[in-house]
Amino acid sequence: MKILSIQSSVAYGHVGNSAAAFPLQRLGHEVWPVVTVHFSNHTGYGAWRGPLLAPADVAEVIAGIGDRGVLGSADAVLSGYQGDPAMGAVILDAVDKVKAANPDAVYCCDPVMGDAGRGMFVRPGIPEYLRDTVVPRADIITPNHFELDFLAGRATNSLPELLDAVDVVRATGPRHVLVTSVLHGDVPVGSLEVVAVSDEGAWAVTTPLLPISPNGGGDVTAALYLAHLWTTGSPATALERTIASVFAVLEATLAAGTREIQLIAAQDAIAAPPARFAARRLR
């Protein structure tokens, strides 16, 4: 597929487009990376250098791609962290242009806003903007459990409650929802779940809970789920392949003892996801 990916970029390490582009390319897909920032490293280090691009400049880059007459050949738009509503408006305008030229194109949004234990880590107003403006326009969203609860306006502590919350969010627009880092009362100690829900049903994969939480894992997950869902048409298969690859990346990261995800070291598990975790049907 051909993917217009509008995200951040770092020179050192892997987050945003610097995490999403290589896995997609390793799977054989064409990526058009449009960067919203170009930092030396991800902000988890506490210090970084480099420019934050103005929304107008990002729009100019997208317009230049449009000048080549190729936006209609894009199969998807992918986005992650959105620093302010002005950048979000640029992304949504790009989605409109791609879909106008190719009605079969999809928009995959990772609604980055916070995480359990950390709370919200984006600017005030961004969570509400994502919930009210961006998510309803998306075809696929990949929130973590904390973000799903915010989007649905409720706390979920059991699998039935989580599925009800997904239904609330899906009613606003997105057809496909992938919920990561799921922890509820029915998840075994030392494990976590990832849940995929679509018109076709709902599935879950349970994995061991690794003692790391590096930056960029969510960016890889969103990219891989988009790719596998598009190529297979099966949410269950896309879930299994995505989690197998991401878990292999996290295992390699843990073994390396680094805070940067080991995309290059684990690339074989990205190109050919091992049959490691079976999705169980929930409904």
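Me: What is the strand order in the open sheet?
Reply: This is a predicted model, where local features need pLDDT of at least 70, side-chain atom pairs count only at pLDDT 80 or more, and totals for chains, interfaces and linings use all residues. Residues are numbered from 1 along each chain as its sequence is written, and side-chain values use heavy atoms, with hydrogens and water left out. The open sheet has 9 strands in the order β2-β1-β3-β4-β7-β8-β9-β10-β11, with mixed pairing. Strands are DSSP runs of E, at least two residues, and helices are runs of H or I, at least four, numbered from the N terminus; two strands pair if DSSP finds at least two bridges between them.

Me: Which strands are at the edges?
Reply: They are β2 (30–39) and β11 (280–281), each pairing on one side only.

Me: And how do β7 and β8 pair?
Reply: Strand β7 (residues 140–141) pairs with β8 (residues 176–182) in the parallel sense, over 2 bridges. Ile-140 has His-176 in β8 as its bridge partner.

Me: New topic: which residues line the second largest pocket?
Reply: Ile-140 and His-176 are among them, together with Val-106, Asp-139, Arg-175, Leu-226, Leu-229, Trp-230 and Gly-233. A pocket is an open set of points on a 1 Å grid over the protein atoms alone, where a 1.4 Å probe fits, with protein on both sides within 12 Å along at least five of seven lines; lining residues have an atom within 4 Å of a point.

Me: Which helix gives the most to that lining?
Reply: Helix α7 (residues 217–232) does, with 3 residues.
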